[in-house]
Amino acid sequence: MTVAHLLEADHISKYYGNIVALNDISVHVDTGEVTCILGDNGAGKSSFIKILSGVHQADEGRLLVEGEEVHFTSPRDARAAGIATVYQDLAMVPLMSIWRNFFLGAEPRKGFGPLQWFDAGKAKGIVRRELSEMGIDIRDPDQAVGTLSGGERQSVAIARAVYFGARVLILDEPTSALGVKQAGVVLKYILQARERGVAVIFITHNPHHAYPVGDRFVILNRGQSLGTFEKSQIDRQELVRLMAGGKELAELEHELEAIKVEV
Amino acid sequence: MAETAASKAPPDERLVSVGPLARLLTRPDIGAFLGAVAVFFAFGYFARSVNWIGDPGIAAGWTDQAAQYGIVAVPVALLMIGGEFDLSAGVMIGSSGLLLGYLTTFQHMNVWPAMLLVLFFGLVIGLINGLAVIKTKLPSFIVTLATFFVLQGVNAAGTLKLTGQTAIQNIDTASGFNSARKIFAGDLTHYDFKVKVLWWIGITLVGVWLLAKTRFGNWIYGSGGDANAARNVGVPVARTKVALFVMTSCTAALMGIIEALELRSMQSGEGIGLEFIFIICAVVGGCLLTGGFGSVIGTFFGAAMLGMVQLGIVDAQWDSNWTFTFQGGILFAAVLLNTWIRSRAQRAR
């Protein structure tokens, strides 16, 4: 395997003082693929995203984009390399309309010199087209983002990242705060983004969300990788078992049984 | 690109076509507009002895008063939408007028270059307010309250020391006074309407354009709505806010120039108390105290309403001390109405 991956994290380690946050983690993703990073709270998922998106730098290991080593010193560097991160807080302003939010910070303009204005007609058109291409069904681009459901908001954020040229899309727990149906909607958009040739890194603690959309699964536990599995190598049950920490879950079941008997 | 085709796509079938009236009732400025119309016709009845509705001279009176409030209320509204307050906007009118008076009568400057210096003074005060808010991260309510009191002291003590009185007078003796007065504080030939009213309308139009049609306008909404989110997507929040403070101070300086040229003298206490009137105009106009939402057109009608109340109470031959009570009542009623409209706007889409 000498083919360069679109984004590759190679033996990454990160320490905070004497705490080992990540130890020797390797992950890769390619165009049109979804790599899922699974882990419970404290597994190191957030630290890992922060390194991929340029917020933090790794203490050991390399980041490679198309085989070339890169050093991100800020989120801006990562964005310039086509790596967009959609955080849980979404970077959206609830009182503003969808189209104003979509272009916030990157408004298309018309006119010359000081007499440049925000091309609202064009902006609304693009928003409507982009969202409908993603299969996202909004009623009215003038609607305030605050009136959208959590899933719709997540979807608009994903569409925005894709529109602004993301080659790699990092999604930080996009489904964790959502109900079953809403989470399903977001999973659909993850697949839509993949179909459009975007490489997706999907961070979650829910194996039931990861399994249907993932092509590859990396399981983190206490900063260690429990392994990388192609979809063909692992079934859903095994993923759930690994994710819950196998033995620990069996022990927990045992304890619960004991409690039930006592009751 | 298919955006033109996409933008002309047929409307979603789930969008039950809301009637134009229902749609109108979700605008943030509709409350102020309806309020202004109501106040106009109310005084049409109570002040019918002076032909309130039909007499252009009466309209010239209240539009003059409304312009007095409305000019500075525009940047104050933008600043509020951007999530900040400026309580020094009132006293800045006095400071600027006094400075113009000092430069023209004590330093014998021509009015025109003196005006430039006064506007520069506005720029400096705006920068101080803005940078202090950004650097200290203190609430702008506190920072500009401090500026307000500092300037109030400077105005009173400075004027007394210079003139031995509480006002700077004889500004009309300065060279360039007549040409400047024509543009800033003259009468339009018909019906005694003031030029000031045109400034009010012009500045309102600029404010509307800025907010609705420019990138800066989008940044104002973003900075006020959620500064963190805006920063994350690349909006220069600090620069946006400082620019808004500068706009507010410079507009207040312009108002000071207008008043000094109109009155030919400047009292050291001039402008104090107006800062709250500006905020009332903005809030009546639909601006949210927490930022991120509001309207310049609404603020225009808010100023019109307060101008009408000020003059209407006199024309109805009521005790003018009731003006404040009316202003308070209008503020309260408008906030209730606007809150109701906003909850509709967020539901009814």
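Let's start at B:Glu275, which sits in helix 13 (residues 274-284) of chain B; helices here are DSSP runs of H or I with at least four residues, numbered from the N terminus. B:Glu275 counts as buried because 24 other C-beta atoms lie within 10 Å. The term buried asks for 20 or more other C-beta atoms within 10 Å of the residue's own, exposed means 12 or fewer, and partly exposed lies in between, with C-beta atoms placed from the backbone.

Before going on, a word on the source: this is a predicted model, in which local features need pLDDT of at least 70 and side-chain atom pairs count only at pLDDT 80 or more, while totals for chains, interfaces and linings use all residues. Residues are numbered from 1 along each chain as its sequence is written, and chains are lettered from A and ligands numbered from 1 in the order in which they are written.

Which residues does B:Glu275 touch, leaving out those up to four places away in sequence? They are B:Leu87, B:Ser88, B:Ala89, B:Gly90 and B:Phe148, where a contact means C-beta atoms, placed from the backbone, within 7 Å. B:Gly90 is 185 residues away along the chain, yet its C-alpha atom is 4.4 Å from that of B:Glu275.

B:Ala89 is also touched by B:Phe278, along with B:Tyr69, B:Val72, B:Ala73 and B:Val76. B:Phe278, A:Leu169 and B:Met305 have the most contacts inside the largest nonpolar core, which has 179 residues. Such a core is a set of buried Ala, Val, Leu, Ile, Met, Phe, Trp, Tyr and Cys residues joined through C-beta atoms within 7 Å.

Axes are lines fitted to C-alpha atoms over the stretch in contact, and angles run from 0 to 180 degrees between N-to-C directions.

| Helix pair in chain B | Angle | Axes |
|---|---|---|
| Helix 5 (residues 89-106) and helix 6 (residues 111-136) | about 145 degrees | 9 Å apart |
| Helix 6 and helix 12 | roughly 145 degrees | within 7 Å |

Among the residues of helix 5 of chain B that meet helix 6 of chain B are B:Met92, B:Leu99 and B:Leu103.

How confident is the predictor? The complex gets an ipTM of 0.78 and a pTM of 0.83. Chain B has a mean pLDDT (the predictor's confidence in each residue, from 0 to 100) of 89, and 93% of its residues reach 70 or more. Over residues 1-11 of chain B, however, pLDDT stays under 50. Where pLDDT is low, the predicted coordinates should not be read in detail.

Notes: Contact = placed C-beta atoms within 7 Å. Helix = DSSP H or I, 4+ residues; strand = E, 2+ residues; numbered from the N terminus.
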